[in-house]
Every structure is written in C-alpha cells, then in structure tokens.
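User: I am new to reading protein models. Can you take me through the charged side chains, step by step?

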Amino acid sequence: MSKIMNPTKVITGPTTRWSYANIWDPKSINGGAPKYSVSLIIPKSDTKTVEKIQSAIQAAYEEGQSKLKGNGKTVPALSVLKTPLRDGDAERPDDPAYADSYFINANSATAPGIVDADRNPIMERSEVYSGVYGRASINLYAFNSNGNKGIACGLNNLQKIKDGEPLGGKSRAEDDFETEEDDDFLA
C-alpha cells in the first residue's frame, strides 16, 4: 500500500488535548451550516507537531494562491492572512488548559472517524469528551469567502490515546456516583 504524501495534511502528536469537542453531533455557529468541530490544544513543547502544522499552512498558502488572489491583482502575503494556529498564552490567558500551548480549531461538514489507541472504532459517546488526549488528522486549506481570506483547518479523523481531566467544569456521571454511600438518603 503506497502512501501519497499530502503536504497540507497533518497528524498531531499524542499529547494533543481536545477541547470544545462537538464531534458526535454537528453544531451551527452564528447561523451557519452545522459542522463537527474540535479545538486541538498542542503543547508548545511538541515542536514536531507545531512545525508540521506550520509547513502545512505554507503548503496550503502555495496551493491556494489563485483562490486567495480572487479578483485582486496580487496574492496577499501569508503574514497578513488569517491562519488557524493560535497562541493559547496570548489568546486565552485566563484558561489554564491553554497555558504554554498553541491551539487550532478544526471542523468538518462530515462526521470524523473516531478510534481508540488500537484503532478500534469508538461508539460510546462518553468515551470521548473535552479533555481527552489524542491524535487528530487535519487538513489545511486556503479560503476566500465574503471578503475573508486565509488558511482554515479541516477535521478528518480522531484517535483517542488517553483520558484526561474533563474540561468545561462538567463532571462525568461515573465520577459523581462512584461512592455507594447513601448520604442521608430519605433520612
């Protein structure tokens, strides 16, 4: 089986953390078409993943020059375009989950495939939540829509590697009811 190299495709490292994981049901943002989405939190120490994403952004820029040029005479410089890799320390300073990390928001109109560390499909929704760690298959591409130009990130598939502390303050039912004590039940 030969692998075709796609310079705009990236598989993130296993220390990537998933946040705002809307991966089971698509959600509409600002009245737009419903999409599946996830915010991928990448530790700054994972320089390999960060470099792969930066290279894919450059490749998407080069591939999408005609789209980015649009009706204009020139292609805008990559440095002035919206790009998806963002600094958590600068943009989310009050959120400890984003500290010392970059993040990239990925979305898709089609549901991502979701597998466990052994590549078996995950069917149980409670297994995948905001806060787990895993790898993500993403694709970067140029866009030019309604006067906005830049590089966006598409979501392909997800691989859960390990559980993490749930993000968003919602506790898991398994944790809430792990004790068998009937604290003053019907007392």
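**Reading charges and salt bridges**

Analyst: Start with one residue. At 44% relative accessibility, Arg125 counts as partly exposed, because that class runs between the buried limit of 20% and the exposed limit of 50%. Keep in mind that this is a predicted model.

User: What does Arg125 form a salt bridge with?

Analyst: General idea: side chains of opposite charge can pair when their charged atoms come close. Here, Arg125 pairs with Asp25, and the closest N and O atoms are 2.7 Å apart. The two residues sit in distant parts of the chain, 100 residues apart. Arg125 is in the loop between β6 and β7, while Asp25 is in strand β2 (residues 17–27). Asp25 is partly exposed as well, with a relative accessible area of 38%.

User: How many salt bridges does the count come to?

Analyst: The count comes to six salt bridges. The cut-off is a side-chain nitrogen of Lys or Arg within 4 Å of a carboxyl oxygen of Asp or Glu.

User: Which residues are linked in a network of salt bridges?

Analyst: Lys44, Asp87 and Asp89 are linked in this way. Take Asp87 and Lys44: their closest N and O atoms are 3.0 Å apart. Asp87 lies in strand β4 and Lys44 in the loop between β3 (35–43) and α1 (47–63), so the pair ties together parts 43 residues apart in sequence. Now take Lys44 and Asp89, whose side chains meet at 2.7 Å, N to O. Asp89 belongs to helix α3 (residues 88–91), and this pair is 45 residues apart.

User: Which residues form a positive surface patch?

Analyst: Lys48, Lys52, Arg119 and Arg135 form the patch. Look at Arg119, in the loop between β6 (113–115) and β7 (133–145). Arg119 counts as exposed because its relative accessible area is 68%, and exposed means over 50%.

User: What is the mean pLDDT of the protein?

Analyst: pLDDT is the predictor's confidence in each residue, from 0 to 100. The mean for this protein is 90, and 88% of its residues reach 70 or more. Among the elements, strand β4 (residues 86–87) has the highest mean, 98. Helix α4 (residues 173–176) has the lowest, 62.

Definitions and conventions. Residues numbered from 1 in each chain as written. Predicted model: local features only at pLDDT ≥ 70, side-chain atom pairs only at ≥ 80, totals over all residues. Heavy atoms only, no water. Patch = residues over 30% accessible without salt bridge, like charges linked within 9 Å, V, L, I, M, F, W, Y side chains within 5 Å. Areas by Shrake-Rupley, 256 points an atom, 1.4 Å probe, with all protein chains shown as cover. Lys, Arg positive; Asp, Glu negative; His and termini not counted. Charge placed at Lys NZ, Arg CZ, Asp CG, Glu CD. Helix = DSSP H or I, 4+ residues; strand = E, 2+ residues; numbered from the N terminus. Buried < 20%, exposed > 50% of the residue type's maximum accessible area, 1.4 Å probe, protein only.
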